[in-house]
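The entries below follow the order in which I checked things.

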Amino acid sequence: MPRCSVPFTIIAVGKQREPHYRSAALEYQRRLSRYCRLQVREVADEKEPGGLSIALVTRAMDLEGQRILDQVKPGDTLVALCVEGEMLDSPAFSRRLAAWQDSAAQVCFVIGGSLGLSEAVLRRADLKLSLSRMTLPHQLARVVLLEQIYRGFKIINGERYHK
């Protein structure tokens, strides 16, 4: 089984602070190393504005969004994780992974912070993807995404994986 040549990158707002989430994420990153080149880039999050006025929240999201977009090159495929995105089952997601292996310079998955993703990031996205209709904490979303990428590569390679 040859390793995928297309780099996959997860761009996440904020750090993986909780030890149990960090440990799970690192385990899936280790497992994925046999299938693909994977990077995780963390961009600084903004402090939640006091009072949560729409203008201050929008400004904070825009600052985070610019940090995200600074990590994305023009030819990259950008996948924005958001609750309103398309929901795929694991086989359909694995087919997307396989298609991206043949077409993209880099695939960037973006996980927003506690405020969500800016409009600029959502407009730039080639795909809006939902992991669930429920809102997930961004640290847990990273673990779920890594697990689904791992599962996708297991499916692509015809390998058994527990359900």
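**Sheet**

Strand E3 (residues 77–87) and strand E4 (residues 107–111) run parallel and are joined by five bridges. Helices (H or I, at least four residues) and strands (E, at least two) are DSSP runs numbered from the N terminus; two strands pair if DSSP finds at least two bridges between them.

I note the provenance here: this is a predicted model, local features need pLDDT of at least 70, side-chain atom pairs count only at pLDDT 80 or more, and totals for chains, interfaces and linings use all residues. Residues are numbered from 1 along each chain as its sequence is written, and side-chain values use heavy atoms, with hydrogens and water left out.

I then traced the whole sheet: five strands, open, in the order E2-E1-E4-E3-E5, with parallel pairing. E2 and strand E5 (127–130) are at the edges with a single partner strand each, so one side of each has no neighbour in the sheet. On average, neighbouring strands are turned by 30° against each other, direction ignored. Axes here are lines fitted to C-alpha atoms, for helices over the stretch in contact, and angles run from 0 to 180 degrees between N-to-C directions.

Helix H2 (residues 54–69) packs on the sheet and touches E1, E2 and E4; contact means heavy atoms within 4.5 Å. The direction of H2 makes about 160° with that of E1.

**E1, H1 and E2**

I found seven bridges between strand E1 (residues 7–13) and strand E2 (residues 37–43), which run parallel. Ile10 has Val40 as its bridge partner in E2. With helix H1 (residues 19–32), E1 and E2 make a right-handed β-α-β unit (with the strands pointing away from the viewer, the path from the first strand over the helix to the second runs clockwise).

**Helix pairs**

I checked H3 (residues 90–103) against H5 (residues 138–156): their axes come within 8 Å and cross at roughly 75°. H3 and H5 are therefore roughly perpendicular (65 to 115 degrees; under 35 counts as roughly parallel, over 145 as roughly antiparallel, the rest as oblique). Among the residues that meet are Phe93 and Leu97 in H3 and Ile149 and Phe153 in H5.

I then took H1 with H5, whose axes come within 9 Å and cross at roughly 20°. H1 and H5 are therefore roughly parallel to each other. The contact includes Tyr21 and Tyr28 in H1, and Leu140 and Tyr150 in H5.
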